[in-house]
Amino acid sequence: MSIEEKLCRLGVKVQSFGDTYGGYGALTPQDLAAALSLCNKVGQEVIWRRVMQESLREEGYNEIYSGAWNIVLGKKLIKRPDAPLVAMKILDEALDDYTQQYNCRTCGGKQYVTRGTVTRACPSTGCRDGKRLRTDAERAKSIGVSRSTYSESYRDAYNVINDHLTGILPNAESEAISCLIRYFR
Ligand SMILES: [Zn+2]
């Protein structure tokens, strides 16, 4: 999927992008970075992750990380010598959960299921508009630790960081989307 198509899914229609030769070229990651540089920092990281499936690792990421780290530190949630690094791994997982949109396993993202001729709303209790949160086991695997290590050292911090992100990311993202809409109009 092209960058334009991914942006379109976020509600950003690329209508006025000319490449350096004055023609209409495909949007490159550099073009997206240039457009995002005009938007709020946290929003830059969120949009970049959604479109490029990786972290921008710039000011916005650092801002999100320092907010998450202060909470983890204040609550003494990670009792390990490598706590700052562990917090970063957890934050990356939480950001992935927020931006990568894992499809619900029951409906596959469609929000409904069909049996024979009957179609009904997805019955999964974990289904949120066709999306789902990953399980602890999936996150443990992604971080590269055992399930029990995850439960002991990571899960509480994950929940707190995830709550924190839920509070700050949606606004930052919608502001950045408005910023991109203006840019590409
Ligand atoms: Zn579902």
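Helix α7 (147–184) has 38 residues, yet its end C-alpha atoms are only 45 Å apart. A straight helix would reach 56 Å at 1.5 Å a residue, the expected span being 1.5 Å times one less than the number of residues. Helices here are DSSP runs (H or I, at least four residues), numbered from the N terminus. α7 bends by about 60° at Y154; the bend is the angle between axes fitted to the seven residues ending there and the seven starting there.

The model is predicted: local features need pLDDT of at least 70, side-chain atom pairs count only at pLDDT 80 or more, and totals for chains, interfaces and linings use all residues. Residues are numbered from 1 along each chain as its sequence is written.

Among the buried residues of α7 are Y154, A157, I161, A172 and A176. Buried means that 20 or more other C-beta atoms, placed from the backbone, lie within 10 Å of the residue's own. The buried residues of α7 pack against α1 (3–9), α2, α3, α4, α5 and α6 (136–143).

The largest nonpolar core has 36 residues. Such a core is a set of buried Ala, Val, Leu, Ile, Met, Phe, Trp, Tyr and Cys residues joined through C-beta atoms within 7 Å. α7 gives the largest share, 9 residues. I161 touches A68, V72, I90, L91 and A94, sequence neighbours up to four places away aside. Contact requires C-beta atoms, placed from the backbone, within 7 Å.

V46 lies in helix α3. V46 counts as buried because it has 30 C-beta neighbours inside 10 Å. Its contacts beyond four places in sequence are T99, L169, A172, E173 and A176. V46 and A172 are 126 residues apart along the chain, but their C-alpha atoms are separated by 8.2 Å.

Key:
Buried ≥ 20, exposed ≤ 12 C-beta atoms within 10 Å, placed from the backbone. Helix = DSSP H or I, 4+ residues; strand = E, 2+ residues; numbered from the N terminus. Contact = placed C-beta atoms within 7 Å.
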